[in-house]
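Subject: Structure handover and notes

Hello,

Here is the structure for your files. Please open it alongside this message.

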Amino acid sequence: MTGSVARVLLVGGGHSHVEVLRRFARKPDPDIELTLVSPGATTPYSGMLPGTVAGHYTNEQASIALGPLADWAGARFVRGEVVALDLHTRTVKFAAGGFHAFDLVSLDVGSSPAMTVPGAKEHTLGVKPVEPFLAAWESMRADAANGRVNTIAVVGGGAGGVEVLLAMQHRLQQDLGPAAPRFALITDQPHVLAQHAAGVRARMGRILVERGVVLHLDSAAIAVERGTVIVKHGRRIASDRIVWATGAAPAAWLAASGLQCNEAGFVAVDADLRSPTHPFVFAAGDCASQIDAPRPKSGVFAVRQGPPLAANLRRAVHALPLTPYRPQRDALALISTGNRHAIASRGPLVVEGDWVWRWKDRIDRGFMARYNPPANPADPTA
(Lines give C-alpha, C1' and ligand atoms only; values in the text may rest on other atoms or scores of the structure.)
Protein backbone atom coordinates (compact mmCIF):
# COMPACT_ATOMS: atom_id res chain seq x y z
CA MET A 1 0.00 0.00 0.00
CA THR A 2 2.99 2.29 0.12
CA GLY A 3 2.88 2.85 -3.64
CA SER A 4 -0.58 4.45 -3.84
CA VAL A 5 -3.23 6.07 -1.70
CA ALA A 6 -4.64 3.53 0.78
CA ARG A 7 -8.39 3.40 1.37
CA VAL A 8 -8.91 3.17 5.13
CA LEU A 9 -12.52 2.59 6.17
CA LEU A 10 -13.75 3.31 9.71
CA VAL A 11 -16.97 1.38 10.34
CA GLY A 12 -18.85 2.90 13.25
CA GLY A 13 -18.60 6.24 15.00
CA GLY A 14 -17.61 4.86 18.39
CA HIS A 15 -15.34 6.36 21.02
CA SER A 16 -12.17 4.92 19.48
CA HIS A 17 -12.94 6.13 15.96
CA VAL A 18 -13.72 9.71 16.95
CA GLU A 19 -10.22 9.86 18.42
CA VAL A 20 -8.79 8.39 15.22
CA LEU A 21 -10.45 11.21 13.29
CA ARG A 22 -9.14 13.82 15.70
CA ARG A 23 -5.60 12.50 15.36
CA PHE A 24 -5.77 12.53 11.57
CA ALA A 25 -7.17 16.08 11.73
CA ARG A 26 -4.13 17.14 13.73
CA LYS A 27 -1.72 15.22 11.52
CA PRO A 28 -3.08 14.57 8.00
CA ASP A 29 -1.58 11.82 5.86
CA PRO A 30 -1.66 12.32 2.07
CA ASP A 31 -1.15 8.58 1.56
CA ILE A 32 -4.44 7.72 3.29
CA GLU A 33 -7.97 8.18 1.98
CA LEU A 34 -10.06 8.05 5.14
CA THR A 35 -13.80 7.27 5.17
CA LEU A 36 -16.15 7.02 8.15
CA VAL A 37 -19.38 5.02 7.88
CA SER A 38 -22.03 5.37 10.58
CA PRO A 39 -25.82 4.97 10.65
CA GLY A 40 -26.23 8.19 12.63
CA ALA A 41 -25.11 11.77 12.16
CA THR A 42 -23.96 11.91 15.76
CA THR A 43 -22.42 9.56 18.26
CA PRO A 44 -23.58 9.80 21.88
CA TYR A 45 -20.94 9.84 24.60
CA SER A 46 -21.73 6.97 26.96
CA GLY A 47 -20.34 8.79 29.98
CA MET A 48 -23.02 11.48 29.66
CA LEU A 49 -26.00 9.21 28.91
CA PRO A 50 -27.24 9.07 32.53
CA GLY A 51 -26.91 12.84 32.78
CA THR A 52 -28.89 13.25 29.57
CA VAL A 53 -31.67 11.00 30.86
CA ALA A 54 -31.68 12.89 34.16
CA GLY A 55 -31.97 16.24 32.37
CA HIS A 56 -28.53 17.60 33.26
CA TYR A 57 -27.47 17.71 29.58
CA THR A 58 -29.22 18.15 26.27
CA ASN A 59 -28.79 15.53 23.56
CA GLU A 60 -26.58 17.98 21.66
CA GLN A 61 -24.29 18.55 24.63
CA ALA A 62 -23.79 14.80 25.03
CA SER A 63 -23.28 13.90 21.36
CA ILE A 64 -20.41 14.28 18.90
CA ALA A 65 -21.34 15.54 15.42
CA LEU A 66 -19.63 13.12 13.05
CA GLY A 67 -19.91 15.12 9.82
CA PRO A 68 -17.95 18.17 11.03
CA LEU A 69 -15.42 15.93 12.77
CA ALA A 70 -14.87 13.96 9.56
CA ASP A 71 -14.53 17.19 7.57
CA TRP A 72 -11.89 18.40 10.02
CA ALA A 73 -9.98 15.13 9.49
CA GLY A 74 -10.25 15.42 5.70
CA ALA A 75 -12.34 12.25 5.72
CA ARG A 76 -15.43 11.34 3.75
CA PHE A 77 -18.52 10.71 5.89
CA VAL A 78 -21.07 8.15 4.68
CA ARG A 79 -24.43 7.71 6.45
CA GLY A 80 -25.32 4.05 6.38
CA GLU A 81 -25.69 0.89 8.45
CA VAL A 82 -23.22 -1.88 7.67
CA VAL A 83 -24.78 -5.36 7.77
CA ALA A 84 -22.06 -7.52 6.23
CA LEU A 85 -18.30 -7.65 5.76
CA ASP A 86 -16.77 -9.54 2.84
CA LEU A 87 -13.18 -10.40 3.68
CA HIS A 88 -12.42 -11.76 0.21
CA THR A 89 -13.47 -8.73 -1.82
CA ARG A 90 -12.67 -6.29 1.01
CA THR A 91 -16.04 -4.64 0.92
CA VAL A 92 -18.81 -3.83 3.38
CA LYS A 93 -22.47 -4.10 2.51
CA PHE A 94 -25.09 -1.55 3.60
CA ALA A 95 -28.58 -2.30 4.88
CA ALA A 96 -30.02 -0.06 2.17
CA GLY A 97 -28.01 -1.83 -0.53
CA GLY A 98 -24.71 -0.95 -2.06
CA PHE A 99 -21.13 -1.66 -1.08
CA HIS A 100 -18.00 0.21 -0.06
CA ALA A 101 -14.49 -1.07 -0.81
CA PHE A 102 -11.41 -0.66 1.37
CA ASP A 103 -7.77 -1.63 1.73
CA LEU A 104 -7.78 -1.48 5.54
CA VAL A 105 -10.89 -1.53 7.70
CA SER A 106 -11.36 -0.68 11.36
CA LEU A 107 -14.47 -1.78 13.27
CA ASP A 108 -15.88 0.24 16.17
CA VAL A 109 -19.60 -0.57 16.03
CA GLY A 110 -20.27 -0.99 19.74
CA SER A 111 -22.65 -3.52 21.24
CA SER A 112 -26.24 -3.87 22.41
CA PRO A 113 -27.77 -5.47 25.51
CA ALA A 114 -27.99 -9.23 25.14
CA MET A 115 -31.65 -10.05 24.47
CA THR A 116 -31.52 -13.83 24.34
CA VAL A 117 -34.23 -14.17 26.98
CA PRO A 118 -37.53 -15.11 25.29
CA GLY A 119 -39.75 -12.07 24.86
CA ALA A 120 -37.04 -9.51 25.65
CA LYS A 121 -36.84 -8.17 22.09
CA GLU A 122 -40.61 -7.84 21.82
CA HIS A 123 -41.49 -6.42 25.22
CA THR A 124 -38.55 -4.40 26.55
CA LEU A 125 -36.63 -1.23 25.73
CA GLY A 126 -32.87 -1.69 25.35
CA VAL A 127 -30.57 1.06 26.60
CA LYS A 128 -28.61 0.70 23.33
CA PRO A 129 -28.58 1.88 20.61
CA VAL A 130 -28.74 5.17 22.48
CA GLU A 131 -30.65 7.25 19.91
CA PRO A 132 -33.80 5.08 19.86
CA PHE A 133 -33.57 4.65 23.62
CA LEU A 134 -33.60 8.40 24.20
CA ALA A 135 -36.54 8.83 21.81
CA ALA A 136 -38.47 6.11 23.64
CA TRP A 137 -37.54 7.68 26.96
CA GLU A 138 -39.24 10.93 25.95
CA SER A 139 -42.36 8.95 25.07
CA MET A 140 -42.17 7.20 28.43
CA ARG A 141 -41.98 10.56 30.21
CA ALA A 142 -45.09 11.71 28.35
CA ASP A 143 -46.94 8.49 29.21
CA ALA A 144 -45.96 8.85 32.85
CA ALA A 145 -47.25 12.44 32.90
CA ASN A 146 -50.56 11.17 31.50
CA GLY A 147 -50.87 8.48 34.17
CA ARG A 148 -50.17 5.55 31.85
CA VAL A 149 -46.91 4.49 33.54
CA ASN A 150 -46.97 3.75 37.26
CA THR A 151 -44.13 1.22 37.49
CA ILE A 152 -40.81 0.84 35.65
CA ALA A 153 -38.48 -2.15 35.95
CA VAL A 154 -34.84 -2.19 34.89
CA VAL A 155 -33.27 -5.57 34.15
CA GLY A 156 -29.52 -5.50 34.76
CA GLY A 157 -27.66 -4.67 37.95
CA GLY A 158 -24.40 -3.41 36.46
CA ALA A 159 -23.33 0.22 36.40
CA GLY A 160 -25.27 0.90 33.18
CA GLY A 161 -28.56 -0.38 34.58
CA VAL A 162 -28.20 1.29 37.97
CA GLU A 163 -27.19 4.66 36.52
CA VAL A 164 -30.04 4.70 33.99
CA LEU A 165 -32.58 3.68 36.64
CA LEU A 166 -31.54 6.44 39.04
CA ALA A 167 -31.42 8.96 36.19
CA MET A 168 -34.96 8.07 35.06
CA GLN A 169 -36.22 8.20 38.62
CA HIS A 170 -34.65 11.62 39.22
CA ARG A 171 -36.11 13.08 36.02
CA LEU A 172 -39.61 11.74 36.65
CA GLN A 173 -39.59 12.97 40.24
CA GLN A 174 -38.59 16.39 38.94
CA ASP A 175 -41.45 16.16 36.42
CA LEU A 176 -44.17 14.66 38.60
CA GLY A 177 -43.18 14.84 42.26
CA PRO A 178 -45.01 12.27 44.42
CA ALA A 179 -46.93 11.03 41.37
CA ALA A 180 -43.73 9.71 39.75
CA PRO A 181 -43.63 6.00 38.87
CA ARG A 182 -42.14 3.46 41.25
CA PHE A 183 -38.98 1.60 40.23
CA ALA A 184 -37.67 -1.94 40.52
CA LEU A 185 -34.23 -3.35 39.69
CA ILE A 186 -33.91 -6.98 38.60
CA THR A 187 -30.52 -8.73 38.52
CA ASP A 188 -29.26 -12.29 38.42
CA GLN A 189 -26.44 -11.36 40.79
CA PRO A 190 -26.58 -11.44 44.62
CA HIS A 191 -25.48 -7.78 44.69
CA VAL A 192 -25.86 -4.70 42.53
CA LEU A 193 -22.60 -3.66 40.80
CA ALA A 194 -21.26 -7.18 41.32
CA GLN A 195 -18.04 -6.41 39.40
CA HIS A 196 -17.16 -3.48 41.66
CA ALA A 197 -15.53 -3.29 45.07
CA ALA A 198 -17.56 -4.10 48.19
CA GLY A 199 -17.51 -0.45 49.25
CA VAL A 200 -19.14 0.61 45.97
CA ARG A 201 -21.80 -2.08 46.26
CA ALA A 202 -22.62 -1.05 49.83
CA ARG A 203 -22.93 2.64 48.98
CA MET A 204 -25.06 2.08 45.91
CA GLY A 205 -27.24 -0.44 47.71
CA ARG A 206 -27.89 2.13 50.44
CA ILE A 207 -28.82 4.79 47.87
CA LEU A 208 -31.22 2.49 46.03
CA VAL A 209 -32.98 1.49 49.24
CA GLU A 210 -33.18 5.10 50.45
CA ARG A 211 -34.86 6.06 47.17
CA GLY A 212 -37.46 3.35 47.40
CA VAL A 213 -36.20 1.13 44.59
CA VAL A 214 -37.44 -2.44 44.97
CA LEU A 215 -34.46 -4.77 44.56
CA HIS A 216 -34.91 -8.24 43.09
CA LEU A 217 -31.48 -9.78 43.68
CA ASP A 218 -30.42 -13.25 42.57
CA SER A 219 -33.41 -13.14 40.20
CA ALA A 220 -32.32 -14.19 36.73
CA ALA A 221 -34.87 -13.23 34.09
CA ILE A 222 -35.95 -16.34 32.16
CA ALA A 223 -38.75 -14.83 30.05
CA VAL A 224 -40.58 -11.59 29.38
CA GLU A 225 -44.24 -11.11 28.59
CA ARG A 226 -46.06 -7.88 27.97
CA GLY A 227 -45.86 -6.00 31.27
CA THR A 228 -44.18 -8.87 33.14
CA VAL A 229 -40.67 -10.16 33.79
CA ILE A 230 -40.56 -13.83 34.74
CA VAL A 231 -37.56 -14.71 36.88
CA LYS A 232 -36.20 -18.07 38.03
CA HIS A 233 -38.54 -20.36 39.94
CA GLY A 234 -41.38 -18.85 37.91
CA ARG A 235 -41.83 -15.70 39.99
CA ARG A 236 -43.55 -12.93 38.02
CA ILE A 237 -42.69 -9.23 38.40
CA ALA A 238 -45.26 -6.90 36.86
CA SER A 239 -44.26 -3.53 35.43
CA ASP A 240 -45.80 -1.02 33.03
CA ARG A 241 -42.45 -0.49 31.28
CA ILE A 242 -39.37 -2.73 31.20
CA VAL A 243 -35.88 -1.39 30.39
CA TRP A 244 -33.20 -3.93 29.38
CA ALA A 245 -29.64 -3.18 30.52
CA THR A 246 -27.97 -6.58 30.69
CA GLY A 247 -24.53 -7.62 29.46
CA ALA A 248 -23.29 -6.68 26.00
CA ALA A 249 -23.91 -8.63 22.79
CA PRO A 250 -22.12 -8.10 19.45
CA ALA A 251 -23.60 -7.54 16.01
CA ALA A 252 -24.20 -10.94 14.37
CA TRP A 253 -22.49 -9.96 11.10
CA LEU A 254 -19.09 -9.75 12.79
CA ALA A 255 -18.78 -13.51 13.36
CA ALA A 256 -20.68 -14.25 10.15
CA SER A 257 -17.92 -12.52 8.18
CA GLY A 258 -15.42 -15.23 9.05
CA LEU A 259 -13.32 -13.06 11.33
CA GLN A 260 -11.85 -14.81 14.34
CA CYS A 261 -14.15 -14.01 17.26
CA ASN A 262 -14.29 -15.09 20.87
CA GLU A 263 -16.95 -17.45 22.18
CA ALA A 264 -19.39 -14.57 22.63
CA GLY A 265 -18.98 -13.32 19.04
CA PHE A 266 -16.79 -10.27 19.68
CA VAL A 267 -13.93 -9.67 17.22
CA ALA A 268 -10.66 -11.09 18.51
CA VAL A 269 -7.73 -8.71 18.26
CA ASP A 270 -4.09 -8.92 19.27
CA ALA A 271 -2.13 -6.33 21.22
CA ASP A 272 -1.94 -4.19 18.07
CA LEU A 273 -5.78 -4.11 17.92
CA ARG A 274 -5.55 -6.14 14.70
CA SER A 275 -7.25 -9.38 13.72
CA PRO A 276 -4.80 -12.30 14.02
CA THR A 277 -6.43 -14.02 11.03
CA HIS A 278 -6.99 -11.00 8.76
CA PRO A 279 -4.21 -8.43 9.20
CA PHE A 280 -6.06 -5.80 7.16
CA VAL A 281 -8.82 -5.70 9.81
CA PHE A 282 -8.59 -3.72 13.05
CA ALA A 283 -11.22 -3.46 15.78
CA ALA A 284 -11.72 -1.52 19.01
CA GLY A 285 -14.33 -0.58 21.56
CA ASP A 286 -17.16 -2.82 22.69
CA CYS A 287 -17.24 -4.91 19.49
CA ALA A 288 -13.68 -6.16 20.08
CA SER A 289 -11.97 -8.39 22.62
CA GLN A 290 -8.21 -8.23 23.10
CA ILE A 291 -6.96 -11.81 23.25
CA ASP A 292 -4.13 -11.30 25.73
CA ALA A 293 -5.88 -8.67 27.87
CA PRO A 294 -9.69 -8.86 27.83
CA ARG A 295 -11.40 -6.01 29.63
CA PRO A 296 -15.02 -5.16 30.53
CA LYS A 297 -17.16 -3.47 27.88
CA SER A 298 -16.71 0.14 28.92
CA GLY A 299 -16.28 3.50 27.25
CA VAL A 300 -13.21 4.06 29.43
CA PHE A 301 -11.28 1.37 27.56
CA ALA A 302 -12.69 2.34 24.15
CA VAL A 303 -11.47 5.92 24.62
CA ARG A 304 -7.97 4.72 25.53
CA GLN A 305 -7.79 2.51 22.45
CA GLY A 306 -8.21 5.51 20.15
CA PRO A 307 -4.60 6.78 20.12
CA PRO A 308 -2.90 3.40 19.53
CA LEU A 309 -5.52 2.51 16.90
CA ALA A 310 -4.86 5.75 15.00
CA ALA A 311 -1.12 5.16 15.18
CA ASN A 312 -1.37 1.55 14.01
CA LEU A 313 -3.67 2.32 11.09
CA ARG A 314 -1.14 4.89 9.93
CA ARG A 315 1.81 2.55 10.51
CA ALA A 316 0.09 -0.35 8.72
CA VAL A 317 -0.39 1.77 5.61
CA HIS A 318 3.31 2.65 5.60
CA ALA A 319 4.41 -0.95 6.35
CA LEU A 320 5.97 0.07 9.66
CA PRO A 321 6.06 -2.07 12.82
CA LEU A 322 2.90 -1.67 14.87
CA THR A 323 2.80 -0.45 18.45
CA PRO A 324 1.18 -2.75 21.03
CA TYR A 325 -1.55 -1.40 23.27
CA ARG A 326 -1.42 -2.47 26.89
CA PRO A 327 -4.65 -1.57 28.69
CA GLN A 328 -4.59 -0.47 32.28
CA ARG A 329 -5.51 -3.16 34.79
CA ASP A 330 -7.98 -1.06 36.78
CA ALA A 331 -10.01 1.82 35.38
CA LEU A 332 -11.44 4.72 37.33
CA ALA A 333 -15.21 4.29 37.66
CA LEU A 334 -17.39 7.37 38.11
CA ILE A 335 -20.96 6.23 38.77
CA SER A 336 -23.68 8.87 38.88
CA THR A 337 -26.71 8.54 41.14
CA GLY A 338 -29.36 10.46 39.22
CA ASN A 339 -29.00 13.76 41.04
CA ARG A 340 -25.75 15.75 40.85
CA HIS A 341 -23.98 13.22 43.04
CA ALA A 342 -21.62 10.36 42.16
CA ILE A 343 -19.46 7.55 43.49
CA ALA A 344 -15.85 7.14 42.37
CA SER A 345 -13.84 3.96 42.68
CA ARG A 346 -10.61 2.48 41.47
CA GLY A 347 -9.65 -0.89 42.83
CA PRO A 348 -10.51 -0.91 46.54
CA LEU A 349 -10.61 2.91 46.88
CA VAL A 350 -14.09 4.47 47.06
CA VAL A 351 -15.24 8.07 47.55
CA GLU A 352 -18.66 9.68 47.20
CA GLY A 353 -20.17 13.15 47.07
CA ASP A 354 -21.54 16.05 45.07
CA TRP A 355 -17.94 17.05 44.39
CA VAL A 356 -17.39 13.71 42.64
CA TRP A 357 -20.23 14.55 40.23
CA ARG A 358 -18.71 17.99 39.56
CA TRP A 359 -15.37 16.28 38.91
CA LYS A 360 -17.06 13.84 36.51
CA ASP A 361 -18.88 16.72 34.82
CA ARG A 362 -15.60 18.55 34.17
CA ILE A 363 -14.01 15.39 32.77
CA ASP A 364 -16.99 14.71 30.48
CA ARG A 365 -17.28 18.28 29.21
CA GLY A 366 -13.53 18.38 28.59
CA PHE A 367 -13.72 15.14 26.64
CA MET A 368 -16.53 16.44 24.44
CA ALA A 369 -14.73 19.72 23.76
CA ARG A 370 -11.87 17.80 22.12
CA TYR A 371 -14.16 16.81 19.23
CA ASN A 372 -15.45 20.26 18.35
CA PRO A 373 -13.54 21.32 15.24
CA PRO A 374 -11.73 24.61 15.82
CA ALA A 375 -12.87 27.83 14.19
CA ASN A 376 -9.57 27.76 12.31
CA PRO A 377 -8.98 24.13 11.29
CA ALA A 378 -5.53 25.02 9.98
CA ASP A 379 -4.38 25.84 13.52
CA PRO A 380 -1.91 23.02 14.41
CA THR A 381 -2.51 23.56 18.14
CA ALA A 382 -6.26 22.85 17.87
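Below are notes on a sheet, a cavity, the salt bridges and one histidine.

**Ground rules**

This is a predicted model: local features need pLDDT of at least 70, side-chain atom pairs count only at pLDDT 80 or more, and totals for chains, interfaces and linings use all residues. Residues are numbered from 1 along each chain as its sequence is written, and side-chain values use heavy atoms, with hydrogens and water left out.

Helices (H or I, at least four residues) and strands (E, at least two) are DSSP runs, numbered from the N terminus. Two strands count as paired if DSSP finds at least two bridges between them.

**The sheet**

Three strands make an open sheet. Their order is β6-β7-β8, and the pairing is antiparallel. β6 (82-86) and β8 (99-101) are the edge strands. Each has a single partner strand, so one side of each is left without a neighbour in the sheet. The twist averages 25° from one strand to the next. Here axes are lines fitted to C-alpha atoms (for helices, over the stretch in contact), and angles run from 0 to 180 degrees between N-to-C directions.

Take the β6 side. Four bridges join β6 to β7. Valine 82 has phenylalanine 94 of β7 as its bridge partner. Leucine 85 is partnered by valine 92, also in β7. The hairpin of β6 and β7 has four residues between the strands. In that hairpin, arginine 90 takes a positive phi near 55°.

Now the β8 side. β7 (residues 91-94) pairs with β8 over three bridges, in the antiparallel sense. Threonine 91 has alanine 101 of β8 as its bridge partner. β7 and β8 also form a hairpin, with four residues between them. Glycine 97 in the turn has a positive phi of about 100°.

**The second largest cavity**

A cavity is a set of points on a 1 Å grid over the protein atoms alone, where a 1.4 Å probe fits but cannot get out; lining residues have an atom within 4 Å of a point. Grid points are joined across faces, edges and corners, and a volume is the space filled by probe spheres set on the points.

The second largest cavity holds about 50 Å³ of space. Its lining is Gly47, Pro50, Gly51, Tyr57, Ser336, Trp357, Lys360, Asp361 and Asp364. The largest share, four residues, comes from α10. By class, the lining has three nonpolar, three polar and three charged residues. The classes are: Ala, Val, Leu, Ile, Met, Phe, Trp, Tyr, Cys and Pro nonpolar; Asp, Glu, Lys and Arg charged; the others, Gly among them, polar.

**Salt bridges**

The count comes to 17 salt bridges. The rule is a side-chain nitrogen of Lys or Arg within 4 Å of a carboxyl oxygen of Asp or Glu. For exposure, buried means under 20% relative accessible area, exposed over 50%, and partly exposed in between (1.4 Å probe, protein chains only).

Arginine 22 bridges to glutamate 19, with the closest N and O atoms 3.0 Å apart. The two are three residues apart in helix α1 (residues 15-26), separated by about one helical turn.

Glutamate 19 lies in helix α1 and arginine 370 in the segment after α10, so the pair ties together parts that are 351 residues apart in sequence. Glutamate 19 has a relative accessible area of 1%. Arginine 370 is partly exposed at 32%.

Arginine 236 and glutamate 225 form another salt bridge (2.5 Å, N to O). Arginine 236 lies in strand β17 (residues 236-238) and glutamate 225 in strand β15 (residues 221-225), so this pair ties together parts that are 11 residues apart in sequence. Arginine 236 is partly exposed, at 49%. Glutamate 225 is partly exposed too, at 35%.

One network joins Glu19, Arg22, Arg23 and Arg370 through salt bridges that share partners.

**Histidine 318**

Histidine 318 sits in the loop between α9 (299-317) and β23 (333-337). Its relative accessibility is 26%, so histidine 318 counts as partly exposed. The C-alpha atoms of histidine 318 and alanine 84 are separated by 27 Å. Along the chain, the two residues are 234 residues apart.

Best wishes

Definitions and conventions:
1 Å grid on protein atoms, 1.4 Å probe; cavity = no way out; pocket = protein on both sides within 12 Å on 5 of 7 lines; lining within 4 Å.
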